[in-house]
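Hi,

Here is the structure I said I'd pass along.

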Amino acid sequence: MNSADIREGFLRFFEGYDHLRLPSAPLLSPDPTLLFTAAGMVPLKQYYLGEVMPPSLRMTSDQKCIRTNDIERVGRTARHHTFFEMLGNFSIGNYFKDEAIAMAYEFSTRVLGLSPDRIWVTIYKEDLQTADIWQKVGIPRERIVPMGADDNFWTMGPVGPCGPCSELYIDRGVRHPGDENQQMGDDGDRFLEYWNLVFTQFDRQPDGSLKPLARKNIDTGLGLERMTSIMEETDTDFETDGFRPIIQTVADLSHQEYGADPRVTARMKTIADHVRACTFLMAENLLPSNEKQGYVLRRLLRRSQALGRMIGIEGAFMGKVADTVIDVMKGPFPELVAEGDRIKGDMEVEEQRFDHTLREGLVEFTKATLAVRQDGSDTMPGKTAFYLHDTMGFPVELTADLLRDAGLNLDREGFDVLLNDQRHGGSESSGVEEASRERTGYVKLRETVGSSHFVGYETLSAEAVVTGLLKDGEAASSAKVGDHVGLILSSTPFYGEKGGQVGDTGFITTPGARFEVTDTGTPVEGLIIHEGILVEGAIAAGDSARAEVDPERRKAIARAHTATHLLQAALRSMDPTVQQKGSKVMPDEFHFDFSFRGSLGAGDRKVLEEKVLRFITSNAAVRTDVMPIEEARKTGALAFFGEKYGTAVRVVTADGISKELCGGTHVTATGDIGFLHIRSIRSIGTDTKRIEASVGLGALREFWTYQESVERSAETLGCAPVPAEVTRAVEDLTGVVRERDRRIEGLIAAATDRRVRDLIAQPAIVKGQRVVVATFEGLTAEALRSAGDMAEQQLGDGVFIGMASGGDGFTVIKVFGTAGATFSARGIFKALTDKYGGKGGGSDRMCQGRIAGLPTAEELEALLG
């Protein structure tokens, strides 16, 4: 069996047991606590937590996954990968241990044809029930190995769902010398784990106790690459049919043979793995950047590029490797073919960007390693790695990789101290745990008070019952005047902030109270919390209530939200690869983040504004349809990677203009937007732009502000209050100022020339060389450099040290003619900064920078003599 047979065989097997086959979710996880989808259950988390009803209680999938926690081990071991496929079967409160174990055993022995005598299993040491079930299906007790919680107990976080797990191993027999002595749990590949069954049956409480779940779940994961290695009987995953063509491409490009040299072979494996991962990430329109997922992508690309250079590959090459990845993987993932040209183009751009840095960095790295060896050390200091990282742009991960290859170590602790808060691994971990705890708390609150039924698409007012109150984050039974609380209603017209759209405001009234809603949130699906202050009376759970949204503010938000759809349509008419990366929709204004390679100038802004205004004036109807997500995709509706969609979705259509999956609120016709004004277009990351714009009354208010500015400027300039006259008056005034500046510069140059001549007439003599030391009043940096040039022209041989007074100590040091045999500008600059403090740089002939003080000629002679 090859990888395709295993993949399809697994999915069909579980379909035969009434499992719904799910398509792979995106690698870019919509979960705010995760960067990537790292396991098959990640996209199903909302079902396990009870936030959303699953499309089926039994599901199966082949999930694309990315993990980077062991990136430095990729290529050096037989099994570590950044990208991999996880086959899984899942039960949401349907079947449990008996059926999960029976099906895993049947698939292993009947479909895969594994010998029952070669299968071993591990269990959690306190889960004797699982041991009994394995014995029933045919695994003898001596091949059931109890393990501790670190190995065989799964948790989602410090609190929340958790449970024991059981792993299936295959005994591959004696394949290499020493295999005959291996036991289960030893290092080595004789006993290879291939499937993990997780039995989610407990809810861990804040005090650490385990409370049985009312609804028990199953989550399993079988790694396709590892299973293929078992079935094809290869030593590593990299010799399987899913990897070997990719590695062969790398080998051909390097003109070296795979397997001939261990170090080269490891690098080939790493390149193949990383480019495979990058191809899938870039198919989801991810671009390299310096933050979050984009940073991981850039790290993988640059690591591959550096390793390519080290095995003899010159020039841009990753696109050729990506071609092979696409060819190998296009069957199960046809989207790769459609995105192929763009992926390869983006890879080449990144390679070109990094090429210069890589070449210079490798030179500096080589010098640094020589220095380490000359010092008799085996560790590169953290400050050296920081210099490579901060000054040369050479990634520290790459430095660590190359040092490992050279048999040297890195003082990573010293590097991290210097890097300070540029990295946030520890705080991020604690933040994720906190988010997990908070999310679990909201899920439990929803279970207590029930879901809020949102009616805000149809009406802006509704009758409801107060089902819950939150005060200082804790559940409360009542509230009094002046209390800042969160109210939960049985049904509500208030839109809770999500999908980039801010929450509604308005009022909630009861027979004895009036509550002002200042914000509305949706912390988990189905739970809508109205934040605000009680302005009259007292309110308690169980009170009847009337909820009324501020209608003018809702209309303003709807204008802005529909405008983002029109703007995206305009952008995609200019570049079809544009994809939304984020947005914030507020009353009559928004910002919209999107992928875009290249620049967008004032002319582009006008083109975009005109396109959107044409959409607005067409007064096209805007309608919303609810349909299954697969049907929505077939209609051509835009759905974006990273967004979280349910099985039924809302499709917002502006007739003839745009069609998008969107849960926000919108106008009924584009003409309702009125007007759009783009305030700014700027870059917020590599190949990512942000447009800030206003619409409707917001755009009108900005026009008023602009008009008032024109009128004030006209009054100051003494001209008519129209833009053309103000522009003419400013140009006239600018001409006068330029002429004045030209005359002043001429006077300064003449005075400087006289000052330099006077100084040259009486230079200091240090070590037999003429030295001019002086402070110049009121000179710019450029004028001070010109003074140095004058001194060189008039002196011929000597040293010039000049400081511009009245500023921050900007200093120029020049060494010219025969004085270069005695002095260097670098040496003088270092002597001065050591004594007075400062920073700067340059060459042996010229240095410039800021120095806190300047010596007299006598002091200089003592300093340099």
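This is a predicted model: local features need pLDDT of at least 70, side-chain atom pairs count only at pLDDT 80 or more; totals for chains, interfaces and linings use all residues.

The axes of helix α3 (residues 97-111) and helix α4 (residues 128-137) come within 10 Å and cross at roughly 40°. (Axes are lines fitted to C-alpha atoms, for helices over the stretch in contact, with angles from 0 to 180 degrees between N-to-C directions; helices are DSSP runs of H or I with at least four residues, strands runs of E with at least two, numbered from the N terminus.) That makes α3 oblique to α4, oblique being what remains after under 35 degrees (roughly parallel), over 145 (roughly antiparallel) and 65 to 115 (roughly perpendicular).

On the α3 side, the contact (heavy atoms within 4.5 Å) is made by Lys97, Asp98, Ile101, Ala102 and Tyr105, and on the α4 side by Gln129, Thr130, Ile133, Trp134 and Val137.

Residues are numbered from 1 along each chain as its sequence is written, and side-chain values use heavy atoms, leaving out hydrogens and water.

Now the sheet: it is open, with six strands in the order β30-β31-β32-β33-β35-β34 and mixed pairing (two strands pair if DSSP finds at least two bridges between them). At its edges are β30 (764-766) and β34 (838-842), each pairing on one side only. Strands β31 (residues 769-777) and β32 (residues 798-805) pair in the parallel sense over seven bridges. Helix α23 (residues 857-864) lies across β30, β31 and β32, at about 5° to β30.

Cheers
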